[in-house]
Amino acid sequence: MVAKFYTKPFMLLKLVLLSMLIITALAACKKQTVDSYYSTERTAGSALIEPAELKKYIDNGFKADDGRKVVILHVTLQNGQMPESTIKGAYSFSQEEHLVEKRSDGVAPNGAMVASGAKVDKFLSKYGIDNNTLIVLTSHDLTNQMVYRAFWALKYWGFSNKALKILNGANYYFFGEYAKANNIDAASYKAAPADISNITPSAFSVKDLPNNYIDSVRAPFGEIIAYAKENKMNADASGEVAVISTIDAKKPVKSNGQIVTYTIYDNNAVDGRIKGATQLAYEPVKNGGYTNHWALYLDAQFSDDGKYSIVGGKGTFKTPEQIRAMVKGLIENNGKTTKNASFLENIDKNPNKRILFHCYTGRTTSPHWFIFREILGYQNAAVYDGSWQEWSSYSVYYPADAANAVYARIIAGEDDPNTYDKQNTDYIYWNGDKFIMSDNKTEPELEYDNIKTFIEKWDVTKYTDFATLGVESYYEDDEVDFYPLTNPNIDGLYAGDAKEINKEDKAYQGK
């Protein structure tokens with residue numbers, strides 16, 4: 001027998017090579033795990049779960065086919081009102097309580113931002129959610145915008161479509177046509193919300209998720225204003241970035257080609273539209289204007305109260321083909337407005353185009369984001385978190401004469417389209433050189449005394465298609481969620497990029 005003789009250097013080399021092989025194998029396994037976790041993301045409809053599948057899991061002791069525990073969260077309305085009954089085993093869940101927090105992207109605080117990692121971790125622990133859990137979101141029906149906002153917030157923190165679902169049709173369909181068509185005793189699956197005190201808290205954290213969508217699904221203020229300054233947004237979605245306003249489209253189009261939007265807050269720039277944004281519109285309504293209510297995505301009939309209460313139909317989502325046919329936008333064309341101009345054709349030229357959605361606070365636009373991303377398949381879709389509430393508060397200009405200010409805040413008759421026609425409000429806009437009045441006859445009287453360099457850096461007035469200004473506002477009450485930049489009490493000169501929340505949250509995850 002020939003004796004084997006290895007030198008120490010050879011043995012050392014062998015150990016090094018073996019170690020490298022093991023590390024490579026482990027890395028490959030980890031990558032495979034991540035890829036597997038997100039493998040269904042680009043499959044349209046993969047974020048939905050059908051009643052038959054959920055029923056099977058309930059009958060199996062709230063266990064999925066692969067052994068994961070199933071946690072059903074009944075998402076309450078924005079007011080947090082508890083449901084009297086829901087699907088058996090479902091827990092009452094307030095999106096506003098657990099997934100919203102007062103935070104700042106660097107410029108000034110806003111009260112309606114996505115919750116921090118620490119706050120989300122408390123929610124995960126409280127509801128016993130771990131890495132072996134399937135979360136199913138439901139509600140009385142899918143007209144509840146908080147269902148989509150909750151989905152968005154958890155998607156932001158990294159949950160995949162394998163771990164996070166919305167019940168198609170929600171309780172309305174589960175207890176209605178689905179139960180009837182399948183001879184199911186709906187009453188046997190209905191109960192008061194489950195007792196959360198019986199849950200064993202988990203030690204799971206968003207830090208444990210294999211990947212994240214932080215930059216993908218949340219657009220911070222810094223990203224939006226950078227696009228506006230660089231003229232990357234066109235109202236027909238032909239630009240590098242598409243910005244879609246889902247603020248109430250019922251207001252009729254003005255003859256000058258503008259659509260009046262407004263906020264419920266006493267900001268400086270109370271009306272306007274982000275420059276280059278298109279107004280999402282679906283169906284014409286009586287007395288002019290268009291509706292863009294997210295309930296129209298559903299296979300349902302609605303009450304006549306103007307609130308889109310479901311009174312008939314399944315309440316499930318329409319098909320992608322049906323939704324594409326109804327999605328339209330109002331865009332400007334040489335100062336005039338082209339009604340029902342489709343912008344999906346321009347988006348389809350680049351399916352990976354960045355598509356940004358905004359409303360007043362980032363809540364009511366979440367259903368539209370969900371539809372575009374999860375039903376129509378546009379993966380690079382994001383919510384402008386903070387939305388018009390934040391954007392309109394970052395206006396540094398205000399009327400010099402408050403008594404005769406261009407103050408067009410719409411209060412009375414806000415649900416009556418006829419009221420908007422009678423406003424005939426003047427507004428200011430930036431023509432590339434100076435601000436001018438819409439009537440082209442008078443110069444706007446604006447106050448500039450409080451303008452500072454750091455304020456001008458973040459001023460949105462020049463990057464808004466038009467603006468009607470309110471009086472200067474000061475906030476001292478701690479209950480106020482944000483502050484206009486004309487407030488001289490804001491301390492310090494912020495020199496960042498206004499993307500602080502995304503940075504903080506990625507740092508929390510260690511990424």
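This passage walks through the overall make-up of the chain and then a few of its parts.

The structure is a predicted model, in which local features need pLDDT of at least 70 and side-chain atom pairs count only at pLDDT 80 or more, while totals for chains, interfaces and linings use all residues. Residues are numbered from 1 along each chain as its sequence is written, and side-chain values use heavy atoms, with hydrogens and water left out.

Of the 511 residues in the chain, 53% are buried, where buried means under 20% relative accessible area, exposed over 50%, and partly exposed in between (1.4 Å probe, protein chains only). The accessible surface of the chain comes to about 22,800 Å², and 51% of this surface belongs to carbon and sulfur atoms; the areas come from the Shrake-Rupley method with a 1.4 Å probe, and for residues only the protein chains shown count as cover. Among contacts (heavy atoms within 4.5 Å) with a separation of 6 or more, 74% are between residues 24 or more positions apart.

Two strands count as paired if DSSP finds at least two bridges between them. Strand 1 meets strand 8 (residues 164-167) in the parallel sense over two bridges, and L48 has I166 of strand 8 as its bridge partner.

The loop between helix 1 (8-37) and strand 1 holds G45. G45 counts as partly exposed because its relative accessibility is 27%. Although G45 and P320 are 275 residues apart in sequence, their C-alpha atoms are 9.2 Å apart in space.

Helix 4 (residues 117-126) has G117, V120, D121, F123 and L124 buried. Seen down the axis of helix 4, these buried residues fall within an arc of 160°, so they line one face of the helix; the arc is that of the directions from the helix axis to the C-beta atoms. They pack against strand 2 (69-75), strand 4, helix 3 (95-98), helix 5 (145-156) and helix 16 (500-509). After helix 4 comes G128, with a positive phi near 65°.

Elsewhere, strand 11 (residues 241-245) and strand 13 pair in the parallel sense over two bridges, with Q279 of strand 13 as the bridge partner of S245. From strand 13 (residues 278-281), T278 and L280 point one way and Q279 and A281 the other way, and all are buried.

Definitions and conventions. Helix = DSSP H or I, 4+ residues; strand = E, 2+ residues; numbered from the N terminus.
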